[in-house]
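Colleague: I would like to learn to read contacts and strand pairing from a model. Can we work through one case together?

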Amino acid sequence: MRKHLMKDPMNRTGYLLLLPLLGALLSTCCMGTKCDPTDLGAGIRFRNAAGTDLLFGPGRAYDPDSVRLYSVTGGDTLRHDAFAGSYSNASADSLLFVSFRSERYETVYVAFGADVDTLQVAYARDDGGACCPDSYRVQILHYNGAPVPRNSANQYLIRK
């Protein structure tokens with residue numbers, strides 16, 4: 001029995017010496033890897049049937065600060081952040097920037113005062129591979145059942 005106890009500490013010591021080496025070896029395969037971040041934001045431009053911007057400019061119909069986006073789960077209403085701003089360097093125009101919740105709700109309601117519309121949102125998953133976590137991107141599919149196009153500046157163009 002005593003012989004067995006003496007052998008065990010030697011094996012543990014060997015394993016303890018190998019752990020840092022194994023950790024260093026595994027971490028070097030991912031050194032310098034730049035992971036794609038999850039981007040749950042979208043720039044949205046709301047226009048009427050004639051093409052006039054509904055939130056910005058002289059003919060606006062709604063105050064952009066009054067537009068509310070939310071999802072419903074059980075008895076809870078969860079808001080998505082929305083604010084006026086510029087979405088990318090490709091466009092200096094103002095639009096509504098929405099940061100969707102990390103829970104990735106597929107049905108999002110858009111409230112313009114008492115008028116409430118529906119967005120159907122999908123989230124594309126990008127495989128991060130062995131070194132990075134998977135990331136997600138927003139894809140707005142439908143607004144009140146109609147497909148939503150996206151322009152070259154990656155802004156969603158919604159006709160209300």
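Modeller: Start with contact: it means heavy atoms within 4.5 Å. Keep in mind that this model is predicted.

Colleague: Which residues does Arg150 touch, not counting residues up to four places away in sequence?

Modeller: Val138, Gln155 and Tyr156. With Tyr156 there is also a polar contact between side chains, at 3.0 Å.

Colleague: Where does Arg150 lie?

Modeller: In the loop between β8 (146-147) and β9 (155-159).

Colleague: Is Arg150 buried, partly exposed or exposed?

Modeller: Buried means under 20% relative accessible area, and exposed means over 50%. Arg150 has 44% relative accessibility, so it counts as partly exposed.

Colleague: How far apart are Arg150 and Gly43 in sequence and in space?

Modeller: They are 107 residues apart in sequence. Their C-alpha atoms are 9.6 Å apart in space.

Colleague: Now the strands. Which residue is the bridge partner of Tyr123 in β7?

Modeller: Val138, one of the residues that Arg150 touches. That bridge belongs to the pairing of β6 with β7 (residues 135-143), which is antiparallel over eight bridges.

Colleague: How many bridges join β5 and β6?

Modeller: Six, again in the antiparallel sense. β5 covers residues 107-112 and β6 covers residues 115-126. Across this pair, Ala111 stands opposite Val116.

How values were computed
Residues numbered from 1 in each chain as written. Predicted model: local features only at pLDDT ≥ 70, side-chain atom pairs only at ≥ 80, totals over all residues. Heavy atoms only, no water. Helix = DSSP H or I, 4+ residues; strand = E, 2+ residues; numbered from the N terminus. Buried < 20%, exposed > 50% of the residue type's maximum accessible area, 1.4 Å probe, protein only. Polar contact = N/O pair within 3.5 Å; in protein donor to acceptor, adjacent residues only side chain to side chain. Pairing = 2+ DSSP bridges.
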